[in-house]
Amino acid sequence: LRSNSVGQNRSLLAHIASFKQRSAMPTAGKRPVRGQEMTEQRAADKKAAGKPKGDTRKGSFKCSVCMSPMTNYSNLKQHYESKHPKETCPTEESCNAA
């Protein structure tokens, strides 16, 4: 009895091993995309898109001291008060003319 059950166990193990080998083989058709490959593809797409060159902040006002772009005159005025307290802020008309 014992030798018979050992033989059955061996045949069962052989069957399981052959099943694992068969299931690991790729199937016919297109292979499913894996997570790592998807991440690499997204990274490549981002790199291809690139970053915009230069200053992306757009504004019609610029600080004459440090050349920082400002969106409006009130921002420029606050900038002068905080960053350049010894300098005088130019008038709005002189900024628009430039």
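**Helix faces and confidence in a predicted model**

Leu12 counts as partly exposed, because its relative accessibility is 47%, where partly exposed lies between buried (under 20% relative accessible area) and exposed (over 50%), with a 1.4 Å probe and protein chains only. This residue is found in helix α1; helices are DSSP runs of H or I with at least four residues, numbered from the N terminus. Together with Leu13 and Ile16, Leu12 forms a nonpolar patch on the surface, with about 290 Å² of accessible area.

The model is predicted: local features need pLDDT of at least 70, side-chain atom pairs count only at pLDDT 80 or more, and totals for chains, interfaces and linings use all residues. Residues are numbered from 1 along each chain as its sequence is written, and side-chain values use heavy atoms, leaving out hydrogens and water.

Confidence comes next. The protein chain has a mean pLDDT (the predictor's confidence in each residue, from 0 to 100) of 75, and 61% of its residues reach 70 or more. Helix α1 (residues 2-24) has the lowest confidence, at a mean of 62, while α3 has the highest, at 92. Where pLDDT is low, the predicted coordinates should not be read in detail.

Helix α3 spans residues 73-83, and its buried residues are Tyr73, Leu76, His79 and Tyr80. Viewed down the axis of α3, these fall within an arc of 115 degrees, so they line one face of the helix; the arc is that of the directions from the helix axis to the C-beta atoms. Gln78, Glu81 and Ser82 are exposed on the other side of α3.

His79 is buried, with a relative accessible area of 11%. Apart from neighbours within four places in sequence, His79 is in contact (heavy atoms within 4.5 Å) with Cys63, Cys66, Ser68, Met70 and His84.

Conventions. Helices (H or I, at least four residues) and strands (E, at least two) are DSSP runs, numbered from the N terminus. Patches are made of residues with over 30% relative accessible area and no salt bridge: like charges are joined within 9 Å, nonpolar side chains (Val, Leu, Ile, Met, Phe, Trp, Tyr) within 5 Å. Accessible areas come from the Shrake-Rupley method with a 1.4 Å probe; for residues, only the protein chains shown count as cover. A salt bridge is a side-chain nitrogen of Lys or Arg within 4 Å of a carboxyl oxygen of Asp or Glu.
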